[in-house]
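Take a walk through this fold, one element at a time. Keep the viewer open and follow along.

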Amino acid sequence: MKNNDVKFTLPMLPDPRTLRVRFRKVGNLQYISHLDLQRTFSRVLVRAGLPLWYTKGFNPHIKMVFGMPLPVGSESECELLDIRIEREMSCDEVKARLNRELTDELTVLEVYPAVEKFTAIAFAEYEYTIVTTGADAALAARMDEVLRGGGLTVTKKSKSGEKEVDLSAHILSSKVRFEEGVISICAKLSAAEGKYISPEALITALRRETGILSGDPTKEHYRILRRRALLADGVTEFH
């Protein structure tokens, strides 16, 4: 029996149930846009044979809500997607069905009933790995000083235009390390609605202030990996 046949034998729920899907997007998939990701999941959700709830009206579509869209070029271990199902199906079964349609670079890590709203997200924790000319303990210390010193500005683009933003006010914490020729940064940045800061902004500011990543592009590179979404206390993980 096919997936799409099985789902219709499941008992109906009294009301649609919202499930939260936490997934990984890494490797080459860091280069696909958020729109491409939406299109991908639209197809994957159907192929997985899930008992999805569709919007009503002349143009019914799957109800999908993503939390904190990831900028192109960044990777993540905590991408979040809310979907609705109208028939009984366990979270483990939903996860297994989705992963049969996905790859190692786009993998569902967890499925669970959604309780908190995405508006509860206040910060996101990022891990930066930087390979740059002249990397040493002194440069790492200089970068740490810049991030903690205050007055660090970046240009933020929005629908209303560009404006200068005090990046320092949006860095909850940061820690810079140097080890085996590589500089690593762990930083918690604002991710609340209306206060979201792109993780790329930190690289832009450090490049301007310290000169990192300004040499041979074939020898210098960096990686941005989003690790966690956090609540307002900056410690508790969002679920």
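In which strand is V154 found? V154 sits in strand 6, which covers residues 153–158. The model is a predicted one. V154 is buried, because its relative accessible area is 5%, and the cut-off for buried is under 20%. Now look at what surrounds this valine. Setting aside neighbours within four places in sequence, V154 is in contact with K163, E164, V165, L167, A201 and A205. T204 is 50 residues away from V154 in sequence. In space, the two C-alpha atoms are 7.6 Å apart.

G211 follows helix 5, and its phi is positive, near 80°.

Step back to the whole protein. It has five helices and 10 strands. The C-alpha trace spans about 65 × 35 × 30 Å along its principal axes. There are 239 residues, and 43% of them are buried. Consider contacts with a sequence separation of 6 or more: 74% of these join residues 24 or more positions apart.

Helix 2 comes next. It holds 14 residues, 34–47. From first C-alpha to last it reaches 20 Å, close to the 20 Å expected at 1.5 Å a residue. Which residues of helix 2 are buried? They are L37, F41, V44 and L45. Viewed down the helix axis, these buried residues fall within an arc of 95°, so they line one face of helix 2. What do they pack against? The partners are strand 1 (12–25), strand 2 (64–67), strand 3 (75–87), helix 3 (91–100) and strand 4 (106–113). Just past helix 2, G49 takes a positive phi of about 70°.

Positive phi also turns up away from glycine. M68 has a phi of about 50° and is not a glycine. M68 lies in the loop between strand 2 and strand 3. Its relative accessibility is 9%, so M68 counts as buried. E180 is another such residue, with phi near 55°. It is found in the loop between strand 8 (171–179) and strand 9 (182–190). Is E180 buried or exposed? E180 is exposed, because its relative accessible area is 76% and the cut-off for exposed is over 50%.

Turn to the charged residues. Side chains of opposite charge can pair when their charged atoms come close. Across the whole structure, a search finds 15 salt bridges. One of them links E110 with R22, with the closest N and O atoms 3.3 Å apart. E110 belongs to strand 4 and R22 to strand 1, so this pair ties together parts that are 88 residues apart in sequence. E110 is partly exposed, at 30% relative accessibility.

A second pair lies within a helix. D144 and R148 meet in a salt bridge at 2.9 Å, N to O. Both belong to helix 4 (residues 137–149). They are four residues apart, so about one helical turn separates them. R148 counts as exposed, at 54% relative accessibility.

R177 and E179 form another salt bridge, at 3.7 Å from N to O. R177 is partly exposed, with a relative accessibility of 42%. E179 is partly exposed too, at 49%.

One arginine has no such partner. R87 is found in strand 3. R87 is buried yet has no salt bridge. Which side chain of opposite charge is nearest to R87? It is E86, 4.7 Å away. What does the side chain of R87 reach instead? It reaches the backbone oxygen of L10, at 2.6 Å.

Conventions. Residues numbered from 1 in each chain as written. Heavy atoms only, no water. Helix = DSSP H or I, 4+ residues; strand = E, 2+ residues; numbered from the N terminus. Expected span 1.5 Å × (residues − 1). Buried < 20%, exposed > 50% of the residue type's maximum accessible area, 1.4 Å probe, protein only. Arc of directions from axis to C-beta. Contact = heavy atoms within 4.5 Å. Lys, Arg positive; Asp, Glu negative; His and termini not counted. Salt bridge = Lys/Arg side-chain N within 4 Å of Asp/Glu carboxyl O. Polar contact = N/O pair within 3.5 Å; in protein donor to acceptor, adjacent residues only side chain to side chain.
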